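Visitor: I am new to this structure, and I would like to learn how to read its features step by step. Could we look at it together?

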Amino acid sequence: MPTETSTRFSSGYGVCEITLNRPSKLNALNLNMIRCLHGALDQLDAKAGKVGCLIMSGAGGKAFCAGGDVQMIREEGLAGGSLPADFFYEEYGVMFRLATLLERTGCCQVSLCDGITMGGGVGLSTHGPFRIVTEKTRFAMPEMAIGLFPDVGATYLLSRLKAGGNVGRFMAMTGTTLAAWDALRAGVGTHFVPSSRIPKLRVALGSRFKAKLIGEDALRLCEDTIREVAASAEPSGADCLLIDENIEVIERCFSAPSVEETQTMSCSPTSCKVALRAMHEAAQMSIGPVLQMEYRLSQRFTTRPQPLSDFFEGIRAVLVEKDRRQNWKPSWDALDEITDEKVAFFFSPLEPEHTRGELPVNDLWDFSESRRAPFPEVQLKAKL
């Protein structure tokens with residue numbers, strides 16, 4: 001059975017390639033893949049100061065990564081299993097390690113978003129300095145439709161978009177899918193390279209990076225190489241969304257300070273209220289504390305039934321029964337039931353008896369192999 005991630009270093013150790021290898025599931029993350037990613041990053045950390053470029057990609061030609069295995073998380077959340085605690089703790093640990101990779105090791109990440117890049121794939125790809133989009137890119141954070149929130153550090157990302165925070169709120173609250181032109185306009189993508197030239201980019205980076213070429217030198221070499229391979233290619237502007245006229249509308253509709261004044265109506269109102277506050281707070285925080293905040297939110301969303309959270313209902317409607325008839329509780333007609341106190345609880349410290357505790361982000365090396373505790377055996381309780 002092939003491994004669900006593969007790791008390869010160039011002959012001179014200048015480049016590391018990590019490939020997500022679950023193409024039948026569009027490279028969607030499960031806990032085994034997340035643990036494999038920690039192992040891959042352990043190898044990279046062991047060569048800190050030598051490797052200057054990490055190339056991340058997805059196998060299969062259709063997706064970088066389509067998200068996470070949230071249906072299994074729902075089943076275990078309903079049954080009281082440990083997967084909601086374990087999955088998000090270890091997933092956000094990977095995001096923290098990637099987000100701090102350049103600062104920690106001098107290695108810069110080049111993400112090849114050559115296909116579907118959603119949910120967990122956004123977290124894996126967007127916290128590094130180079131996010132390559134192609135004509136196949138489809139970028140979105142659709143979590144609000146399943147009663148969750150834009151996680152994996154997306155509250156940090158969307159509150160800092162080049163196109164502005166209101167565009168970020170629009171993306172969060174609608175789950176709108178962006179193609180390459182819009183991804184570049186928003187700022188979630190940094191460079192456009194035609195899909196047919198991605199193999200050439202891999203070869204060029206692998207041949208030009210030598211061991212110990214790191215930090216600012218690595219950033220410059222990546223930038224020059226990407227621009228050379230792209231050869232001034234530009235994405236199609238057909239059917240683009242984030243044109244000036246539409247951004248003006250988005251600015252009017254999503255600048256309101258409260259959900260009551262925005263009312264998108266399609267996604268979970270509880271998720272909207274929590275996400276709006278999370279993005280407001282994330283705009284003033286660094287990535288570590290943001291991920292710690294998001295871990296608290298993930299535990300309150302994925303372990304509690306309605307009316308405390310809409311996650312179980314959202315997954316039922318979208319992934320289980322697939323009727324897409326989410327019955328949100330409280331509904332949009334009962335927003336007053338989602339009080340500030342109820343929203344605040346999502347952000348409160350985890351209970352002392354929580355199986356994994358708070359996400360450790362005080363030190364850049366907290367999730368390194370020598371610092372983290374051994375991965376626990378997952379307590380599965382759902383009868384599937």
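Visitor: What should I know before I start reading?

Guide: This is a predicted model, in which local features need pLDDT of at least 70 and side-chain atom pairs count only at pLDDT 80 or more, while totals for chains, interfaces and linings use all residues. Residues are numbered from 1 along each chain as its sequence is written, and side-chain values use heavy atoms, with hydrogens and water left out.

Visitor: Where does UniProt place the feature "domain: Enoyl-CoA hydratase/isomerase"?

Guide: The UniProt record, an unreviewed entry, puts that feature at residues 17-262 and 266-347; positions from UniProt are given in the numbering used here, with feature names shortened, and annotations may be inferred rather than shown by experiment. Over residues 17-262 the chain is 46% helix and 13% strand, with the end C-alpha atoms 43 Å apart, whereas over residues 266-347 the chain is 59% helix and 0% strand, with the end C-alpha atoms 24 Å apart. Helices (H or I, at least four residues) and strands (E, at least two) are DSSP runs, numbered from the N terminus.

Visitor: How do I read a sheet, and what is the order of the open sheet of six strands?

Guide: In general, the strands of a sheet pair through backbone hydrogen bonds, either parallel or antiparallel. Two strands are taken as a pair if DSSP finds at least two bridges between them. Here the six strands follow the order β1-β2-β3-β5-β7-β9, with mixed pairing, and the edge strands, each pairing on one side only, are β1 (5-9) and β9 (191-192). Strands β1 and β2 run antiparallel and are joined by five bridges, with S6 standing opposite T19 in β2. In the hairpin of these two strands, five residues lie between β1 and β2, and Y13 takes a positive phi near 60°. Strand β2 (residues 15-20) and strand β3 (residues 53-58), by contrast, run parallel and are joined by six bridges, and C16 has L54 as its bridge partner in β3. Helix α1 (residues 31-46) packs on the sheet, touching β1, β2 and β3, and its direction makes about 10° with that of β1.

Visitor: Is T5 buried or exposed?

Guide: Buried means under 20% relative accessible area, exposed over 50%, and partly exposed in between (1.4 Å probe, protein chains only). T5, which is found in strand β1, has a relative accessible area of 5% and is therefore buried. Contact means heavy atoms within 4.5 Å; leaving aside its neighbours within four places in sequence, T5 is in contact with T19, L20, N21, M33, C36 and L37. E341, placed in helix α15 (residues 340-347), is exposed, with a relative accessible area of 61%.

Visitor: At what angle do the axes of α2 and α3 cross?

Guide: Axes are lines fitted to C-alpha atoms, for helices over the stretch in contact, and angles run from 0 to 180 degrees between N-to-C directions. The axes of helix α2 (residues 70-79) and helix α3 (residues 83-99) come within 8 Å and cross at roughly 140°. That makes α2 oblique to α3, since angles under 35 degrees count as roughly parallel, over 145 as roughly antiparallel, 65 to 115 as roughly perpendicular and the rest as oblique. The contact is made by M72, I73, E76 and G77 of α2 and by L83, P84, F87 and F88 of α3.

Visitor: Why is helix α7 largely enclosed by the rest of the structure?

Guide: Eight of the 10 residues of helix α7 (residues 165-174) are buried, so α7 is largely enclosed by the rest of the structure. The buried residues of α7 pack against β8 (138-140), α6 (154-158), α8 (180-186), α11 (244-253) and α12 (269-282). After α7 comes G175, whose phi is positive, near 65°.
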